[in-house]
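User: Could you walk me through this model with a few questions and answers? I would like the cut-offs spelled out as we go.

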Amino acid sequence: MKSMTLSLTINGALRHCEVASSTVLADVLRDTFGLQGCKVACDQGVCGACTVLVDGEPVAACATFAFVVDGRSIMTVEGLAQNGVLHAVQTSFLENSAFQCGFCTSGMILSIVALLRAHPEPDEETIRDWLGGNVCRCTGYGPIVEAVRRVIPAHALEHA
Amino acid sequence: MHGVQETSRNDELPTEGNAKVTGAAVYTWDTALPRMLHGKLLRSPLPHARIRSIDTTEALAILGVVCIVTGDDVAPLAEQFYGVGLRDQPVIALDRVRFVGDPVAAIVAVDEATAFRAAQAIKVDYEPLPPLMTVEDALADDAPALFDGPTPGIPIPVGKGWSSVADPVRNVLCEYNFGYGDATAILDASDQVFTDTFAVTRINHFHLEPHVNIAHWNDGRLEMWSCNQDPFVIRGDIARIFGLPLHRVRIHTPLVGGGFGGKSYCKMEPLVALMARKAGAPVRLALSMDESILTLVKHPGRLTLTTGVDREGRLTARRADIVLDGGAYSDASALVAVKTGFRVGGGYHWQAIASRARIVRTTTVPSGSFRGFGGTQASFASERQIDLIARRLGEDPLTFRMRNLLDVDQPFAPNERGMDSDLSAGLQDVAERIGYSSKRQQGRGIGFAVGLKDAGGTGNHAQALVRVTQDGEVMVSAAVVDVGQGAASALCRIATDVLGLPLANATYAPIDTDHSPPDNGTHVSCGTLVTGRAIEQAAAEVRKQIETFAAERLDCDVSEIVLEGWTVRRGNVVHPLTPMVRKYYGGIGWEFIGRGAFKEPYDPDTPMGARNISWMPCWSVAEVSVDDETGRVTLHRLIVSADPGRALSREACHGQIEGAAMQALGQAMFEELRYRGAEPENATPLTYRVPKVRDLPAHFESVVAEHGMGFGPGGVKGIGEAGMLGIAAAIANAIQDATGASLTTMPFTPEKVLDALDQLRHVGDVPVVERS
Ligand code: FES
Ligand code: FES
């Protein structure tokens, strides 16, 4: 299989890696860079657990070939906290018990970060639209929606 | 919208949540060992066939393939089968496959892609046998037997009032009969008797972390990392299958990415151990979600209830005939049958009960435990029928329930523990919350259900260790697996409450069967109840050690010592403990270690063989409207209430109730693993529909109703399964309230609703009750 060298900006740092043409982004993040916060559940692009941000847009890392994102900027859940201070969405998740097993949490948080960038004060419909691709089997979603509502909009924009 | 008021999470361990929101939390999925190889399974494409031969020559020739495990490797093991009580599931198919997805060969290779390619290169020669896709197929006179000999193992032992038998007739795994009183005579003497049949469907757990195991043999000792709810059960099963002493098997259980029963009891673990032994290297087998869906489901089934009522509108007796589809292998079917049969009376007073529960074997995915162990099946049938009966009698379903519910302390069955929740008060509360007595909005219907199950298990036991350092840090060791229910925080909280130390001082030790004190698994919402008691005792013992130590150092009587935070007070003088311990034990310091244990004693006079530890009610009320042209049901409001006795964390309780309720809502409205002929029709994450955020009802409220009567520390009891119990019945009851249409089969899809509406037009069976 042909391999190729990619340059990616991951959580703000320029990184290089060699991948096969068939390698998906989730494997690069998890196996090459040890960013295991990117969880793979369905591996078919339908559950949202592996969501990461590519140039700020939510993307299913399990269903995205790594070469496609060459030269682009990738944000994983590990990149959200700055200098040990949690991102407002992370804090809101903690304060609203918006997770149980936590397997959907990274993807959910990144989808919400993207949502709040696009809509700093989303209404109910917008929240439901944006989170429609993220499955959580544990919480029943109520606390997640609540966590979105309670993020202070100004904070959500910081380092998103 | 959502019932949680609190904003602070200071009742949680600080470390636990942080890891989950920062991506630092480590699950079995994330675990890797040096030199680790990877596995893939070849699964049967046929529902039922004899394996004539398996040719692995070509597959083994692929570069990077290390070995292939088949039934031939299983034959020499000390035992070949696993299952709960009744053991019929082979480690891997021996000479026959019994469902589409039955593992036939396990390939070990340098990476998953190679193992996957090798799987395609294996040639299996099958002799197809007739599939038995339904209970009717399996019970037909000309149906072939799915198993040749009697089922190994024993049916679950039960107590007074039960009879149990394995393999009563062909393709029936087991049959349980339970009862008290003379149901026949009482039904004969009843004023009115009603018989109704209800059907429940097959759903999958759909935990986001699929089943994953890593096995590694070293010097005849097996070490495994397993995302399982029962590390000590797995240890026991593996030791039995491999003929090893227990201490030759060591199981680690990191965080589990969702279980709901899908990761209870033995699954792939013995196979992965066998793969690693044959490969001579560590092996990881991670199932895909498609494969996880084909690993375990919740029992579909049919429940026929015959219920009598006297002239005063009091329930008299109930007869139940329960037929559950167990799928291809036993798994926990025997337990589920027992529990369904036991619970089918619900939270009402009866003079007599006679229930029969059977597990029928079919060539479908094995059925097993799913959040509530038959409780949802029983509650759906029972609470639907109670509503149907009330409406037939022209009675208000709420009033009818209130008249018949068990009182506080009244036993559920003879010799059982009394009711430790106020069932009527709980129901009244949700009725008030939905405004039942106010005028109904046009076209809306309201339906109730009182789900009930026993909780805490039968004769369950747990041990625990609590260790306290010279600096007052607390390490709690137990085997309750954190599957997201917040067990670590709850258990640490019990210990720190006894010690009077802040929760922030506590750590929940990672689970490792070499070090963790044993229990019988993370089930039946028993963590806070059973293990909680063991921890309470261990913490009390540590506290005594600390006080005794201080009394010796201060040369006084222990009764003069008061532990206050990490200091001791004697009279008016406060002494910090850290320097006191250091001074006596020197540089490295010391740990105070307390042990605790709990076991609910066996009692053959009780129905379950030991008194049930607590009762778990779920009061639900739903408000719906129905589009009679399309059959579409809109769920406007759903209120779900459960009683944790005393809440250790109200947030965690809300979370448990809502999460379970949403799963129940999925099953009620649309979720179902279907077969089309012999083929699973939607066994992929793309086609299997689970609730998404859009499915949240416009108003969804969870209520933590602390009735304060629990048996656990400070009155706590389990709550994890409660929210699952009443929802489907409440929704169907609401549909009937709104339209008169009676739904008795889940899920309540538009087609079924239209059918029910049609029937109504033709038969006009059940009158809609008018209320003033
Ligand atoms: S794991 Fe990528 S979408 Fe499910
Ligand atoms: S927290 Fe478990 S899947 Fe969302």
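Predicted model: local features only at pLDDT ≥ 70, side-chain atom pairs only at ≥ 80, totals over all residues.

User: How many salt bridges does the rule find across the interface of chain B and chain A?

Analyst: Residues are numbered from 1 along each chain as its sequence is written, chains are lettered from A and ligands numbered from 1 in the order written, and side-chain values use heavy atoms, leaving out hydrogens and water. A salt bridge here is a side-chain nitrogen of Lys or Arg within 4 Å of a carboxyl oxygen of Asp or Glu. Across the interface of chain B and chain A, the count by that rule is five.

User: Which residue forms a salt bridge with A:Asp129?

Analyst: Look at the pair whose closest N and O atoms are 2.7 Å apart. The partner of A:Asp129 is on chain B, and it is B:Arg694.

User: How many residues of chain B are in contact with chain A?

Analyst: Contact means heavy atoms within 4.5 Å. On the chain A side, 45 residues take part, and on the chain B side the number is 51.

User: What area do chain B and chain A bury between them?

Analyst: Buried area is the accessible area (1.4 Å probe) that two parts lose on being put together, summed over both. Carbon and sulfur atoms carry 55% of it, and the total is about 4,100 Å².

User: Which residues of chain B lose the most area to chain A?

Analyst: Three residues together make up 18% of what the chain B side buries. They are B:Val21, B:Leu208 and B:Val693.
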